[in-house]
Structures are given as C-alpha cells and as structure tokens.
Amino acid sequence: MTRCCLLLVLTLLTAGQAVAQKVRRVKGEYTYYAPLSQSPDEAKRIALERAKTQALADAFGTMVASISSTHVSTGGGHDDVSMLSLGGSEVRGVWLETIGEPEFAPITVANDMMCVHVTVEGRAREVTGEGIGFDARVLCNGTEDRFQNDRFRSGDDLYLKFRSPVSGHLAVYLYDEAAERVYCLLPYQRQDVASCDVQAGKDYVFFSAALAGSRAAEVDEYVMTCGGSKPEHNVIYLLFSPNRFTQANATGGSAEMPRELSYRDFQKWAARCRTRDEQMEMRLYPITIMPQE
C-alpha cells in the first residue's frame, strides 16, 4: 500500500512539472519611433506591446502577429496621425503575465520622431496544435457578410457574426483605448451566465434583437460613439473555448453602458483563463471610430 501511494505521488509530481514546464519566462525589448503628434504615454504603450510581441517571437518562433490600426488625415496645413497597436499571439505564443515593471529608457527626439525603448519580462506559454478555427466577423450597420468592416462612424450600429466547428462558450469584450476601460458586450447584461453557449455549425449574429427570436428581450444592442474630433481606437476581444470559464469581474452596467472593468484587471483575468485552459482561443479585432462629419 505504501509503495502504491509513493508511485501515485511521484506520478502526480511528474505531471505537475510537465504542466509547469509549458510556461516559460521570456524577455523582450523594442525601440519604437513615434511621430511627435503622438502623446508620450501612447508611444510608451505601443513600444511595450511590441516588446511583448518580440519576446514571444524569440521564444516560440516568428509566427506571432502584431495587430495595428493607423489613421492619417491631412487638414489645416498639417498631418494628424492616430495609431493603435497591440501585440497578439494567435498562433505560437500567449503572453500570460508581466513580471515586475517594464523598464523604459529616457525618451529622446531626433529627426522629428520620438525614440522610445523598453525592456519587459513576463511568463508565456507556447500554443500547439491547429486551434479551433472559428469564424468571426465584425459588422457595421448590417447583419450580412457584406457589412464586415473595421471602420465605423459615430452613430453606427455594431454586430458580430460567429460560427464555430465545435460547440463551446463565447465571451466578447471591447477595449476603449481613450478611457483605458474594457466593457463586457457578451454575455448580455440580462444573462446570468459567465459566457454564451454556442452550438457547433450554427450561425449566430449577436447584438441584434431582430434576429434573436424568443430571446430578443435579453439582447443588448450597441451604437458606436466618438466623443471628440479625432478618430478613436477600440479593440474587440473574442474569447472562445470548448470548456466553461469564469467571467471577468466587471461592474456597473445600465441601459446606456455595459458592465466594465479596468484594462489591467481584464488582462489579468484573461491571463488566468488562458493559463488554465490551453484550448481557449482569444482573437483581437481592432476597430476605428470616426467622428461624425
């Protein structure tokens, strides 16, 4: 009996070590050259995200995506540049958490550009396998595929079309860059669940009460807004897994605004979910919201 227990303990320890070995400590650095029209804080954020992307590329290979959105407008004798850039790890690596504080070198200016250099360390995990391969489309002012777009005008309606080859659970969040807040778009506020159940091979159009049938009363519909005179950058996060997962600790919520949490807390929650569930996929869809003409 003692021998059997000892073998069982050794087996559990070996399995635990195998899981722990999948998480690696990684380090990356990046030098970002930003236009002077960009704020130093925004330039530092972009440099940090690209340093994370570089760390994942160095650790797990080069098939790591960097997702960017840039808008350039000319008027009044000068160029106005607004940018959003987020590191993504759709295929080969997942950034789980940052260790300590990123180290930024003093910002310098040369040739009408800001030079921002940062070094960051964190924990990451390699993504193996081909993934689930779900299909998702961000739609503007219509629920058919032809309305797919990443550019909105203030006042436009937002819809999301989704289809998965396997049944599972879906959550959708929107990151507002200007406010540094993340809003829970799905599950809806009237749904007392952590994520939305979806069936394999079925087409869904979310945020449309007209297409929700008997469940129309629980649907939240969204209108995109841009409060200022410059374009605003948001990012839609889709998290999907065959397994159930917890809900982010978003609070508030009203007829006008979804539940919300800080960007930092959202990142911590997403990291915990993806650490515990290797089948979870998270995709980022940057969108730009233009002010009304």
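The model is predicted: local features need pLDDT of at least 70, side-chain atom pairs count only at pLDDT 80 or more, and totals for chains, interfaces and linings use all residues. Residues are numbered from 1 along each chain as its sequence is written, and side-chain values use heavy atoms, with hydrogens and water left out. Helices (H or I, at least four residues) and strands (E, at least two) are DSSP runs, numbered from the N terminus.

**Helix α3**
- Helix α3 spans residues 263–276 and has 14 residues.
- From first C-alpha to last, α3 reaches 20 Å, close to the 20 Å expected at 1.5 Å a residue. The expected span is 1.5 Å times one less than the number of residues.
- Buried means under 20% relative accessible area, exposed over 50%, and partly exposed in between (1.4 Å probe, protein chains only).
- The buried residues of α3 are Y263, F266, W269, A270, A271, C273 and R274.
- An α-helix has 3.6 residues a turn, so residues three or four places apart point the same way.

**A cis peptide bond**
- The bond from L186 to P187 is cis, and its omega is near 10°.
- P187 sits in the loop between β11 (181–186) and β12 (196–198).

- E180 is not a glycine, yet its phi is positive, about 60°.
- E180 lies in the loop between β10 (168–176) and β11. E180 is partly exposed, at 35% relative accessibility.
- F207, also a residue other than glycine, has a positive phi near 75°.
- F207 lies in the loop between β13 (204–206) and β14 (222–223). F207 is buried, with a relative accessible area of 2%.
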